[in-house]
Amino acid sequence: MNIGVFLGSIRERRTGIDVATWVMQQLQARADGHTYHLIDLVEQDLNPNTAVPPRGVEDGAYADEKTRAWAKLIGGFDAFIFVTAEYYASVPGPMKDAFDLLFAEWAGKPVALVGYGSDGASTSRSHWSDILNRVGMKLVPTKAGFTFQEHFPESTFTPGEPGGELVNSIADELTAA
């Protein structure tokens with residue numbers, strides 16, 4: 001199974017890169033025969049506006065060249081882990097814009113949520129749950145939320161052993177879906 005770890009924060013001095021890198025390390029240490037790739041939104045060159053709603057596009061025939069490249073990348077994954085921040089009690093706008101560019105490439109695939117922020121991105125994870133269900137993605141039951149107060153002492157990401165256990169549970173659920 002080919003699993004994409006989708007990091008959606010693009011802000012300067014973002015802590016999400018530390019979370020996503022750690023998630024990748026946990027996943028790769030499993031040596032479970034599955035492949036894991038970091039999809040860092042900062043590295044993508046996307047145009048957030050499209051003329052045609054993605055639900056009506058067949059076989060990745062998007063009009064925009066950048067969207068076609070994004071569709072090819074996302075379409076190559078069997079499942080996803082979304083590493084999400086919380087921006088003003090919701091999902092990060094740039095992450096949602098990138099998500100909204102596609103439909104078929106997401107639909108029907110298993111997905112898990114790893115949030116970080118003042119309350120572990122609980123509201124963002126809740127909003128993502130609604131969004132992902134609407135697109136027909138299969139949200140696994142286990143979610144992870146890392147709070148700034150508990151998991152970022154002195155601004156350093158410190159997930160602890162329970163965090164590793166959560167990521168392993170998430171991987172088990174994704175690969176079984």
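Reply: A171 is a residue of helix α6, where helices are DSSP runs of H or I with at least four residues and strands are E runs with at least two, both numbered from the N terminus. This is a predicted model, in which local features need pLDDT of at least 70 and side-chain atom pairs count only at pLDDT 80 or more, while totals for chains, interfaces and linings use all residues. Residues are numbered from 1 along each chain as its sequence is written, and side-chain values use heavy atoms, with hydrogens and water left out.

Me: Okay, is A171 buried or exposed?

Reply: A171 is buried, at a relative accessible area of 0%; buried means under 20%, exposed over 50%, and partly exposed in between, using a 1.4 Å probe and protein chains only.

Me: And what is A171 in contact with?

Reply: Setting aside neighbours within four places in sequence, A171 is in contact with L27, R30 and Y36, contact being heavy atoms within 4.5 Å.

Me: Switching to H37, where is its place?

Reply: H37 sits in strand β2 and counts as partly exposed, with 38% relative accessibility. Beyond four places in sequence, the contacts of H37 are N2, I3, G4, V5, M24 and F77. For M24, which is 13 residues away along the chain, the C-alpha separation from H37 is 7.5 Å.

Me: Which residue's side chain does H37 join in a polar contact?

Reply: That would be N2, the two side chains being joined by a polar contact of 3.3 Å. The term covers a pair of N or O atoms within 3.5 Å, where within protein one must be able to donate a hydrogen and the other to accept it, and residues adjacent in sequence count only if both atoms are side-chain atoms.

Me: What about R14, buried or exposed?

Reply: R14 is buried, with 16% relative accessible area, and its place is in the loop between β1 and α1. The side chain of R14 makes a polar contact of 2.7 Å with the side chain of D40. Not counting residues up to four places away in sequence, R14 touches D40 and also L7, S9 and V42.

Me: Now backbone: what is phi of A31 near?

Reply: Phi of A31 is near 45 degrees, which is a positive value in a residue other than glycine. A31 lies in the loop between α1 and β2 and is exposed, at 70% relative accessible area. E154 also has a positive phi, near 50 degrees, and is a residue other than glycine; E154 is in the loop between α5 and α6 and is exposed at 79% relative accessibility.

Me: Where is T158, then?

Reply: T158 is placed in the loop between α5 (148–151) and α6, and at 39% relative accessibility it is partly exposed. T158 touches E150, H151 and P153, leaving out residues up to four places away, and its C-alpha atom is 9.1 Å from that of V19, 139 residues away along the chain.

Me: On to packing. At what angle do α3 and α4 pack?

Reply: Helix α3 (residues 93–100) and helix α4 (residues 122–135) pack at about 5 degrees, with axes 13 Å apart. They are therefore roughly parallel. The residues that meet are M95, K96 and F99 from α3 and W128, I131, L132 and V135 from α4.

Me: Last topic: which residues touch the most other members of the largest nonpolar core?

Reply: In that core of 27 residues, they are I81, V83 and V114; such a core is a set of buried Ala, Val, Leu, Ile, Met, Phe, Trp, Tyr and Cys residues joined through side-chain atoms within 4.5 Å. Elements giving two or more residues to this core are β1 (2–7), α1 (16–29), β3 (79–84), β4 (110–117), β6 (144–147) and α6 (160–176), and α1 provides the largest share, six residues.

Me: And which residues does V83 touch?

Reply: Not counting residues up to four places away in sequence, V83 touches V5, F6, L7, G8, G16, V19, A20, M95, V114 and Y116.

Technical notes
Axes are lines fitted to C-alpha atoms, for helices over the stretch in contact, and angles run from 0 to 180 degrees between N-to-C directions. Angles under 35 degrees count as roughly parallel, over 145 as roughly antiparallel, 65 to 115 as roughly perpendicular and the rest as oblique.
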